[in-house]
Amino acid sequence: MPLVQDGPMRALFERMHGLHRAAGQPSMRTLQRATRNPTRPRGINPTTIHDVFSAPRLSRWEVVRAVAEALEGDVGEIERLWEEAREASMGPLGGPPVGAGSTPVNEVSAIVPVEEPSRGAVPRELPPDVAAFTGRDTTIAAMHDLLDAAPERTAVVISAVSGTAGVGKTALAVHWAHLVADRFPDGQLYLDLRGYDPDMPMQPAEALARILRTLGVPTGEVPYDVGERAARYRSLLSGRRMLVLLDNAINTEQVRPLLPGTSTCFVLVTSRDSLAGLIARHGARRLDLGLLDGADAERLLHTLLGERAAAEPEAVTTLVELCTGLPLALRVAAEMVIERPEDPLAKLVSELGDEHSRLDLLDAGADERTGVRAVFSWSYRHLPDDAGRLFRLLGLGPSSEVGVEAAAALAGVGAAAVRRPLDTLARAHLVQRSGSGRYTMHDLLRAYARDVAVREESDEDRRAAVDRLLDHLLGSAAGAMDAAFPAERHNRPTLDVPARAFDGPEQARRWLEEEHETLVDAAGFAARQGWPSHAGRLAEVLWRYLQNGAHHTDAVRVHTAALEAARVLGDVRAESTARTNLGTVWWRWGRYDRATDDYVRALTAFREIGDAAGQARVLTNLGAVHYQLGRYDDAVEDSRQAVQVFREIGDRRGEARASDNLGAVLRRQGRWAEAAAVHSAALDILREIGDRAGEARALDNLGAVFQRQGDWKAAAERHRDALVILREIGDRAGESQALRHLGAIEARQGDFIAAAETFRGVIAIAEEIGSRSRESDARNALGTVLHKLGRYREAREQHGAGLVLAELTGDRYATARALEGIGHTRDAVGNPALARRYWRAALEIYRGIGVPEAEWLSERLSR
C-alpha cells in the first residue's frame, strides 16, 4: 500500500488494490483496453489509471468508476468511498491536489508552498511464478537471510544472481520475489534489461523512463537527462518498502543508475556477468547459480513428466546427464517427450544422445553449451517444416517479442497459416505466449535460432525475411496513421509498400499501442543493421502518433535512429527532417534550448540544399518555440517568413497553419484586430481544403480573440465548434486548450464553480498527455477562480504549482501570470507588502516580453 494515513483515502486505496489483486493484477495496458467505449475509443491512459492506485492524488470520479468497472467491482461501494475521500481531503469542489511531482527551481518559487511530490502508483509487475519450480533451496535460504538482515543495513540491499545462460536465474528471481512479495507493500518493480539481446540491450535512460512511467510520472514529465531521471527515481522510492527486480543485466554500468538510494528497498539483479563492480562499490551479495544437481534435476523431470518418469528412472537419469542439469534444456526436453507420448522415454533419450554425439564431433568439444544446443537441436530437428522455418526466422527480427501478423510477414505467409507453426513452437517450449496473439523467445533460444538461420537460410532469404517484416511494420504503421490522422495523410512519405487497411481510427490506435515497443525497436534495428531507409520512413510515419501521445523518450529514440540512418545514406534532406522532428520532441517536452538548436541546424541545412518546404516547416515550429519563450517579435518574424514561403510554393495547408500560429502571437501582443483577421483567413483555407484538425485549432484561436474583445457569445460558439471536431479526431492537446478557453468564459460570466471544474478537467488531460505548458496555464486559471471563490490558500497552491511548471519549461508569460496570481492571494489575506514583491517580479517579465498585462499590473502597483 502507498504511504497514506488511516482514513477515507486509505480505505479507498485498499479497496481498489483489493479489486486489482482479485482480478489477477492485470497490467495498466490491459486496464486501458478494458476502459474503452464509444466515447473513449482509446481507453484511459495507463498513467492516469496508475493514479487510481497512488497517493496522495485523488483521481477524478469518472476515472475511478471506469477502473472499478473494469475490475468488476461494486461501483456503488467505490463511489461512497471516493466521496468520503474527497470530502476529507479536498472539500466540495473535489479534484486532484496540486503541486505534486515537482520541486521549486529558483528563489522566487522557493517561497511558494507546494505540496510534496506524489508517491506515485503501487506497481505489481512481477511476471507469473514459474510452474513446477524445483530445487535451489540453499540459494533461496540465502536470499531470505539477506532480506531478513536488511533492516540492520543503512544502504540499499542488493542481491546479484549470476550464472550461465539458461541456468534459471530469472525463474529463481521471479519465484523468490513471489515468495516475499507481501514484505514489499509499496510494490514490486520488474524490468528486463535485455542485456544479452545482440541488437537492443536496454540503455539506462530507457530503463529509467519506463520505471518512472510505471511509478506514475506522466510521459511528458520524464526528464531528459539520465542523471535527472535517476534522481527523480530515487526520490520517488525514498522511504518506500519496494522490491526492484532487474533481470538480464549485461554489466554493472547498466545497473548502477537504476539503484534506489534508500535502505528500505531491496534490489535483485540477474546477470551472466559476475557484476564485480556492483559487489565492490555497492556491497552487493553475489549468489552464483550453478547447474541443478542430479536429485533436483530428476525431481523436476518427475514433476513435468509424471508417470512416464516414474516408469523409466534410468532413462530419467540419462536425460539429466544429457541436459547437463541446465533447467532450460530440461524443460525443452520434457516438452519434446510430452509431445511424443507413444514413444518410450528410453528411445527418446537415445535419440538425444545421438544428437549430442553429433554436435560433439562437429564442435570438437569446443562449445561449452553443447548440452543445451543438443537439446535445442533435437527439438528443432523434430519440428514440422513450417514450424522449423519459422523458428529460424524468428531469430532474425528486431525484437524478442512478435505478434502473429509480424511472424506471418517474416515467413512470407498469411496470418492464418502462421498460427499452427506458432502453436507448435509454443508447445515445444521454443517460444512462450506473452499475451493475446503475441509470443516471446528466450535470448538463448533466439541466438540458437539465428545461428541455425545463418547455416540453413541463404543470405538472400534472410534479408528477404527481414525486408518483409520491416515492410509489414512500415505499411501497417502507415495505414494506422492514415486511419487515425486522415487529415495529415499527404504529409507522410510516399512508400513503396502497400498501406494496411484499418476499420476506423479506434482499431488503428489500438494497433499502434499494441505494437508500440516493437515499432520503436524496429527503427533502431533498421538504422544499425542495414535497413536505413526503413528507419527514416518509420520515423516520418510515426511522428504524429509519438507527438500526440507525448511519447517523448521513445520519440527521441526513433528520430535519433532516423538521424543516424540519414547520415549512413548521406541524405542531407532526410537528416534535416530528422532534426526537425527531434526539435519538435524537445519543444513538446519543454526543452526549448534543445529544440532551438535542432531547428536552427535543420533550417541552415534546408537553406543550403534549397528545400523551401523544409525551411517553412522549421520556421513555423521555431516561431512556436519563440512564442513559448516570450520572444514575440522573433515569433512574428518566423511566422511571417513561413507564411510567405508556403504561399510561394503553393502549400495552402502550410500557409494556413503558419498564419494561425502568427495570429496567436499577435493575440498575445494585444493586436486583436490583426489577430482576428489572420485567424479568419486561415480558417477559410483550412475549411476549403478539408483540414479538420487545422480548422479546429483556428476556430479555437479565433474564439480566444473574441474573448479578448469581450464578445463572449461568439467566443463560446467557436470554442464549442472546435471542441466537437477535436474530440471527433482524438486530439487531446487541442481538446484541453478548447476546454481551457471555455472555462475562461465561465469565469468571466461569474460561474466560478463551473469554471473550476472545467479547469480541473484541463489539468487532468494535460497530465495525461504530459504537457507542462498546458498544465501550468490551467493551474494558473484554476488559481484565479479559486481566488474569486475566496479560497485563497488553494489558489496560492495552484499558482505555485503553475509557477514551478512554467520555470521548468522556460515559459516567461506563464511564470509572470503565476507570480501575479500569488501576489493577489497574498494581498487578499492582508499581506500587501509581500503581494507587491510578487507583482513587481511579474511586471518585470510582462514588460520584458511586451504584453498588455504590463499596463494593467503597473496601474495596480501605482495605487
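Colleague: Which helices are included in what covers the buried residues of helix 27?

Modeller: In this predicted model, the cover of those buried residues includes helix 9 (204-214), helix 10 (226-237), helix 25 (516-528), helix 26 (532-548) and helix 28 (572-589). Among the residues of helix 27 that are buried are His552, Asp554, Val558, His559 and Leu563.

Colleague: How do you know that the span of helix 27 agrees with its number of residues?

Modeller: Helix 27 (residues 552-569) has 18 residues, which at 1.5 Å a residue should span 26 Å. Its end C-alpha atoms are 25 Å apart, so the two values agree. Just after helix 27, Gly570 has a positive phi of about 65 degrees.

Colleague: Why is Arg136 called buried?

Modeller: The cut-off for buried is under 20% relative accessible area. Arg136 has 11%, and is therefore buried. Arg136 is placed in the loop between helix 6 (107-110) and helix 7 (137-149), and its phi, near 65 degrees, is positive although the residue is not glycine. Most residues other than glycine have a negative phi.

Colleague: What makes Asn248 count as buried?

Modeller: Its relative accessibility is 16%, and the cut-off is under 20%, so Asn248 counts as buried. Asn248 belongs to strand 3 (residues 243-249) and has a positive phi near 60 degrees.

Colleague: How do you know that Glu335 has no salt bridge?

Modeller: A salt bridge requires a nitrogen-to-oxygen distance within 4 Å. The nearest side chain of opposite charge, Arg331, is 6.8 Å away, so buried Glu335 has none. Glu335 lies in helix 16 (residues 327-339); beyond neighbours within four places in sequence, Glu335 contacts Arg427, Ala428 and His429.

Note on methods
Residues are numbered from 1 along each chain as its sequence is written. This is a predicted model: local features need pLDDT of at least 70, side-chain atom pairs count only at pLDDT 80 or more; totals for chains, interfaces and linings use all residues. Side-chain values use heavy atoms; hydrogens and water are left out. Helices (H or I, at least four residues) and strands (E, at least two) are DSSP runs, numbered from the N terminus. Buried means under 20% relative accessible area, exposed over 50%, partly exposed in between (1.4 Å probe, protein chains only). Lys and Arg count as positive and Asp and Glu as negative; His and the chain ends are not counted. Contact means heavy atoms within 4.5 Å. The expected span of a helix is 1.5 Å times one less than its number of residues.
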